[in-house]
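Dear colleague,

Please find the structure below, handed over for your review.

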Amino acid sequence: MTYVSLTPFDLALAALLLILTSGLSLAFRLGLERSIATSALRMCVQLGVVGFLLKLVFESGSPLATAGFALMMLGATAYEVASRQERRFQGLASYLIGGAAPFLAGLIATVFAVTAIIGSEPWWSPRFLLPILGMMIGNALAGVTLVLDTITSAATREKSAIEGRLALGATRWDALQDVLRRGLRTGLTPILSAMAVAGVVSLPGMMTGQILAGADPVEAMKYQIMIMFLIAGATGVAVVLAGLISVVLLTDERHRLRLDRLVPVNKPDA
Amino acid sequence: MLRVDTLRLAPLPSLTFQVADGECLTVEGASGSGKTRLLRAIADLDPVEGLIFLDGAERHEITGPQWRARVRYVAAESGWWSDTPRGTFPRDAVDAERLERQLANVGLTPEHLDRDIGHLSTGERARLAFVRALQGEPKVLLLDEPTAALDPASAALVEEQIRFQLYAGRIVVLATHDVGLSQRVSHTRLMLPKPRAATLQPTGGPA
């Protein structure tokens, strides 16, 4: 099996399908032609920039460039998590949890993977570190988004029950235990279902990529299993971190419920 | 003795008062005048400036949960976090007979503890929340409209229990719209001014 390189002409051919979708939008008057065009353009620009940046980082082989790229991911993660919330913590807190929890958890899992499992030389070799880190953060981010959303909305909805417990002398951890547990459970659901259906319903993206790139399916499968385990670990750590931090932020040192620290956000149209 | 010292609840002027053991202070005022906010502040459920002492100890000398174990706030709208009321009562060291007596005093039976929360009436829930607040021997009861959701017979039972708590040496701070109740149980009455009465601006003509 060999790797088939795509030419710009091949990409243009694939874009024909996009024109078909736009045609449908016109035919049914969905009014989505503009969005389709801008989203497609955005995707091309983003992927193009990332592709060339990664190439530069790989060729430079510099730890500084690798760290720089990782930091860029951190910023994007923080923004993404915070912007997907219905209610956000006042100030920068949402960005801090949204960025820190997935990034820290992802970094731990990734460093563990490249040092103990893959053993790349040097350990920070960007060719291994960055794609794995990206997958870890991407999945942890989905979990953290769900945790924050579940906890902040449940705390708002169940204010009287939570304050009822606090009024009887419960600590913030007792009063918010149900909310926290529900948040953690929700945050872990996606990775659990992803593991359950992996290979049956969908071929995971990375495995597909490796197979297309000419790798042996069994080798690709091994990589995919490792990645799934890492993702589960990273998501678990990120979800628990985000859950605990949100309980602390939703309350204060006097164990009072502080919903005043949440500000509603208008969700952008997805 | 409960002492509130220069408590700031904007837009009210700062509040200073004290309530002796076995006495009841009723708080009256129009809706929105700050009755609930005052009770919540005394329970340390909202961040508020000012000092609050119970038997000489300021609230910040102990943790929030310790303070609220002694200074019990019973909200007008009771909170439930379990399928049945029993799950929200403290599990350890509940004296079943005593609890049964306390329930009977407000016209309820232990059987009410195992009903589905959704199948209990607002009045039954309010009385259950009242009994729940008595568990653990708090020193101060902060009751927010304790009889508003009750029929006259149940209201009379709860009123009798409030009096009983006062005989037992507890301090009761009671927010209510019910002038009759206030006159009957209070030792002191606190009237909160109408909200924003002081800041009304002339509009320059009939609205």
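**A buried threonine and the interface**

T235(A) is buried, at a relative accessible area of 2% (buried means under 20%, with a 1.4 Å probe and protein chains only). This is a predicted model, in which local features need pLDDT of at least 70 and side-chain atom pairs count only at pLDDT 80 or more, while totals for chains, interfaces and linings use all residues. Residues are numbered from 1 along each chain as its sequence is written, chains are lettered from A and ligands numbered from 1 in the order written, and side-chain values use heavy atoms, with hydrogens and water left out.

T235(A) belongs to helix 10 (residues 217-250) of chain A; helices are DSSP runs of H or I of at least four residues, strands are E runs of at least two, and both are numbered from the N terminus. A polar atom of the T235(A) side chain lies 2.6 Å from the backbone oxygen of I231(A). Beyond neighbours within four places in sequence, T235(A) is in contact (heavy atoms within 4.5 Å) with N139(A), A140(A), G143(A), G187(A), L188(A) and I191(A).

Turning to the interface, chain B contributes 24 residues and chain A 17 residues. Three salt bridges are counted between the chains (a side-chain nitrogen of Lys or Arg within 4 Å of a carboxyl oxygen of Asp or Glu). One of them joins D44(B) to R256(A), with the closest N and O atoms 2.5 Å apart. Helix 2 (64-70), strand 6 (71-74) and helix 4 (122-134) of chain B each supply at least two residues of the side touching chain A; the largest share, five residues, comes from helix 2 of chain B.

With kind regards

Notes. Buried < 20%, exposed > 50% of the residue type's maximum accessible area, 1.4 Å probe, protein only. Polar contact = N/O pair within 3.5 Å; in protein donor to acceptor, adjacent residues only side chain to side chain.
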